[in-house]
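Please read the following as a guided walk through one structure, taken a chain at a time.

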Amino acid sequence: MTAPLLKVENLRIELTTRDGVAPVIDDLSFELGAGESISFVGESGCGKSMTALGIMGLLPEKVGRVASGSINFAGEELSTATEKRMREIRGNDISMIFQEPMTSLNPVYTVGEQIAEVLRAHQNLSKAAAWASAIELLDAVRIPNAQRRVSDYPFQMSGGQRQRVMIAIALACKPKILIADEPTTALDVTIQAQIFDLLNDMKRQTGAAIIMITHDMGAVAEMAERMIVMYAGRNAEQGPVEQIIERPRHPYSKGLIACVPHIMATLTEERRELTEVAGIVPSLREFGKNRCLFASRCNMVTQKCLDKRPPEVAFEGQQMSACWHAEAV
Amino acid sequence: MASLQSLMMRILYAAILLIAVLVLNFSMMHMAPGDVADTISQSMGGADQELLDQIRADYGLDQPFLVQMGRYIGNVLQFDLGYSFFYNKPVTELILQRLPATLLLVFVAQILALFIGVILGVISARKPNGIASHFVTILALFGYSAPVFWTGILLLIGFSLKIQLFPVAGMRDVTIEGGFWVHFIDVARHMVLPVITLGSIFLALYSRLSRATMMEVLGSDYVRTAKAKGLTERQVVYKHALKNSLSPVITLAGLQFSAVISGAVLVEAVFSWPGLGTLAFQSIIARDTPTILGILFFSALVVIVGNLLTDLALRLVDPRVRSKG
Amino acid sequence: MSTNPLIPKDNVPIARHPAAEAWEMFRRNHAAMVALVVLSAIVLVAIFGPYIYPIDPFDMVWAPFSPPGVDGFILGTDYLGRDLLAAIIHGARVSILIGLAAALMSVFIGVTVGALAGFYRGWVEEVLMRITEFFQVLPTLLFSMVIVALFGASLPMITFAIGIVSWTAVARITRSEFLRIRELEYVTASRASGTKNSKLMFKVILPNALPPIIVQAALMVGSAILFEAGLSFLGLTDPNVVSWGQVIGSNRQYILDAGYTVTIPGIAIFVTVLAISLVGDGLNDALNPKLRQR
């Protein structure tokens with residue numbers, strides 16, 4: 001097996017809050033091969049977005065930092081890379097699209113300018129060439145009448161169209177990794193399906209690996225080959241999507257899956273939020289404690305869970321679960 | 001096209017506002033005790049009732065209120081603001097003589113305050129605990145609370161009397177001879193203290209707002225997008241963030257024209273700046289009503305034109321304004 | 001990033017009287033507390049000062065230009081040999097009185113205009129807002145100067161001249177608050193139960209619109225004091241009454257000989273207005289429900 005494109009090892013990201021320093025990502029390891037697609041799943045507040053921002057080197061200044069561990073991209077260590085080097089990588093080798101298409105585009109520049117800009121930053125294109133590419137890209141993300149709409153401002157476009165523009169910006173430089181942070185959460189259900197289709201198509205065309213962050217098990221099933229279930233900044237379970245859905249080895253994954261009744265059902269169907277797992281994510285103050293953080297919501301909890309953090313147990317088929325009772329789930 | 005139409009509407013509306021100013025002007029003149037005839041008779045050293053009636057008839061003061069007002073407005077629309085018996089000159093001529101000095105002071109102070117204010121805002125938004133940010137906070141407190149004429153006098157004592165760095169009064173030194181640049185530098189030297197005095201109030205206002213909006217913009221989603229594109233810090237701040245933070249500051253600046261002119265009146269009084277403010281002050285002491293009202297009209301005109309310019313500036317900065325009109 | 005759901009919401013508030021809660025918030029703002037003390041002292045001086053220090057500020061009591069502290073005059077004497085301390089103490093009355101009266105007047109006009117515009121909407125709003133814009137176009141100080149010059153420099157006329165040009169901000173704030181609150185459920189409910197318009201406006205909506213109006217009113221007192229100082233600096237003041245701005249105006253020709261005659265009254269204005277604006281900031285923190293929720 002060739003070396004993975006992205007290899008994250010024992011990553012720990014700390015946020016400074018009023019109550020002190022909390023590890024929002026605690027001992028996370030995973031690998032991503034070229035052209036592969038992987039999903040991070042979990043409720044909001046589980047540290048999924050922090051992982052993405054950590055990889056991009058965009059953690060909130062003075063508040064968040066990579067405390068230990070490594071993020072290795074194609075043989076290069078990113079957690080210690082200079083800001084200059086990170087700028088060369090961002091938008092070029094690794095790019096990202098965000099949850100809120102309504103606010104993620106700059107309101108005072110045309111979408112064409114915003115697409116052309118990333119090309120000019122990384123590929124030294126002339127103004128005219130970058131503009132021509134912007135039109136091609138708009139066409140590629142299936143915005144009708146690209147020639148004319150390239151001069152539109154974001155406020156003249158719908159939410160779905162704006163997310164398409166974001167995808168065009170992200171894929172403009174043919175990145176090796178595309179990180180999509182809840183790319184469809186803010187959109188209508190019908191539009192969601194279109195965006196997923198588009199992302200899948202673009203992935204086939206450009207060969208980019210995709211890291212998809214979501215709280216939506218249906219989206220995972222649609223988009224990813226492997227998944228990482230995160231809970232309170234920790235890896236709860238990891239493995240191939242179908243295998244986990246069929247046989248989860250962590251009570252949290254099991255709960256998440258159980259609350260989507262027809263996981264393979266059509267995407268146009270309204271999917272419910274993952275609130276059905278009773279209880280809430282623990283507060284940041286609880287993060288980093290040496291015990292199972294899911295214990296308070298778990299129906300299988302024993303004294304052991306409260307005394308010591310569970311280790312990651314490997315199962316066949318590269319499935320991995322961090323639960324004391326993984327065998328019994 | 002829609003945008004052009006809305007611009008025409010604004011200009012029409014501005015014209016209506018100006019007429020309203022004239023109506024107010026005339027009503028006040030009419031309501032105030034004493035009229036032109038009294039003024040003329042005083043300047044002649046008194047007159048009997050017959051002569052007074054004669055003057056009133058000559059000037060149409062015996063006509064009904066509305067007729068007089070109609071004539072006044074008609075005259076103003078032909079740039080005739082009446083005659084100043086104190087200066088022995090048509091008011092329009094008098095004002096046009098003084099207007100450039102005030103415009104120079106007002107616009108230089110506004111533009112500098114806006115420019116420096118935005119820069120200060122950007123710097124202090126990026127470093128909320130830095131020196132620039134503390135300076136903005138202190139300036140905001142001082143700018144709001146210190147009477148502008150007092151600041152002016154303190155600067156005058158400090159930099160014209162104690163250290164004789166700048167001239168004490170006026171706009172130019174009539175004894176100086178030389179080419180354009182010699183005069184340019186001379187006027188510039190005279191302008192330094194008045195501009196600082198007047199500009200500092202508005203600098204306080206703009207830098208504080210600019211800091212607040214810039215901080216908000218720097219935390220926005222599209223700035224995060226710009227960073228995720230791999231743009232440099234400079235591109236992120238000065239291309240993506242700055243243009244978005246400008247609209248509120250420009251809007252505020254547009255609302256300040258009336259306040260700037262009020263400030264200019266006091267600053268001109270302190271530095272004997274030969275503009276409308278000094279003229280207003282002198283004609284009020286001389287009870288020269290036509291001149292006073294002429295000045296009120298012209299300064300309202302300056303405010304209205306300033307508002308129109310602000311509108312245009314906003315259109316340049318924000319495409320959303322451009323399309324809505 | 002701004003609202004991090006990870007950060008726990010602690011300090012679950014206990015229901016208390018809103019005024020007590022506001023006072024609690026105000027007390028936490030140290031600058032505002034200091035300013036409140038300073039402001040109270042200035043008000044006390046304005047009320048009782050003239051009785052404790054009964055020297056007439058118009059009397060020529062000593063040689064001109066006697067510097068502060070020399071010859072027993074704490075703040076010295078001015079160009080006519082009048083006691084500067086007496087002028088400061090008596091001037092405090094005029095400044096604060098006019099500041100309060102003018103602010104009161106502009107709040108009255110502003111709230112009336114804003115409430116009618118925000119409540120009735122339609123053509124009423126259109127007309128009233130055009131009038132507001134008209135007053136925003138008139139350069140405030142020049143307009144007041146004209147009023148005082150044409151109709152006489154009595155204290156009531158000066159107050160009127162300041163109030164009539166200062167109400168537009170209050171009107172805009174009141175209107176936008178009314179526009180917001182009139183759509184809220186309890187107003188709709190009250191309307192549905194047949195409450196009369198006047199009661200709806202002043203008993204139901206206005207009390208809820210008050211916080212930003214109170215803050216603005218506090219700031220208006222400060223700007224009215226500055227305004228009065230400007231007018232009296234230009235000599236547009238009642239010649240029989242001493243005021244801080246007037247002391248500066250009448251002494252400004254002698255700044256080279258006696259800078260203190262200008263500096264000291266200026267400090268009095270500065271400190272008073274600064275104190276008012278800091279108290280206004282404190283009120284803003286205390287009354288702004290958005291801040292309180294954070």
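C:Met201 lies in helix α9 of chain C, residues 197-233, where helices (H or I, at least four residues) and strands (E, at least two) are DSSP runs numbered from the N terminus. This is a predicted model, in which local features need pLDDT of at least 70 and side-chain atom pairs count only at pLDDT 80 or more, while totals for chains, interfaces and linings use all residues. Residues are numbered from 1 along each chain as its sequence is written, and chains are lettered from A and ligands numbered from 1 in the order in which they are written.

C:Met201 counts as partly exposed because it has 19 C-beta neighbours inside 10 Å; a residue is buried if 20 or more other C-beta atoms, placed from the backbone, lie within 10 Å of its own, exposed if 12 or fewer, and partly exposed in between. Leaving aside neighbours within four places in sequence, C:Met201 is in contact with C:Ala115, C:Phe119 and C:Leu206, contact meaning that the C-beta atoms of two residues, placed from the backbone, lie within 7 Å.

Helix α9 of chain C is also among the elements that cover the buried residues of α7(C), which include α3 (84-120) and α4 (122-137) of chain C as well. Those buried residues of α7(C) include C:Thr168, C:Ile173 and C:Phe178. The 14 residues of α7 (residues 168-181) of chain C should span 20 Å at 1.5 Å a residue, and the end C-alpha atoms are 20 Å apart, which agrees; the expected span is 1.5 Å times one less than the number of residues.

Chain B has 14 helices and two strands, and 42% of its 325 residues count as buried. Its average pLDDT is 84, with 95% of the residues scoring at least 70, pLDDT being the predictor's confidence in each residue, from 0 to 100. Where pLDDT is low, the predicted coordinates should not be read in detail.

The contact between chains B and C takes 35 residues from chain B and 34 residues from chain C. On the side of chain B that touches chain C, the elements that give two or more residues include α1 (2-31), α6 (131-145) and α13 (289-317) of chain B. By class, this side of chain B has 29 nonpolar, five polar and one charged residues, where Ala, Val, Leu, Ile, Met, Phe, Trp, Tyr, Cys and Pro count as nonpolar, Asp, Glu, Lys and Arg as charged, and the others, Gly among them, as polar.

In chain A, strand β8 (residues 209-214) is largely enclosed by the rest of the structure, because six of its six residues are buried. Both faces are covered, with A:Ala209, A:Ile211 and A:Ile213 on one side and A:Ile210, A:Met212 and A:Thr214 on the other. Strand β3 (residues 37-41) of chain A pairs with β8(A) in the parallel sense over five bridges, pairing requiring that DSSP finds at least two bridges between the strands, and A:Ser37 stands opposite A:Ile210. Strand β7 (residues 177-181) of chain A likewise pairs with β8(A) in the parallel sense over five bridges, with A:Ile177 opposite A:Ala209.
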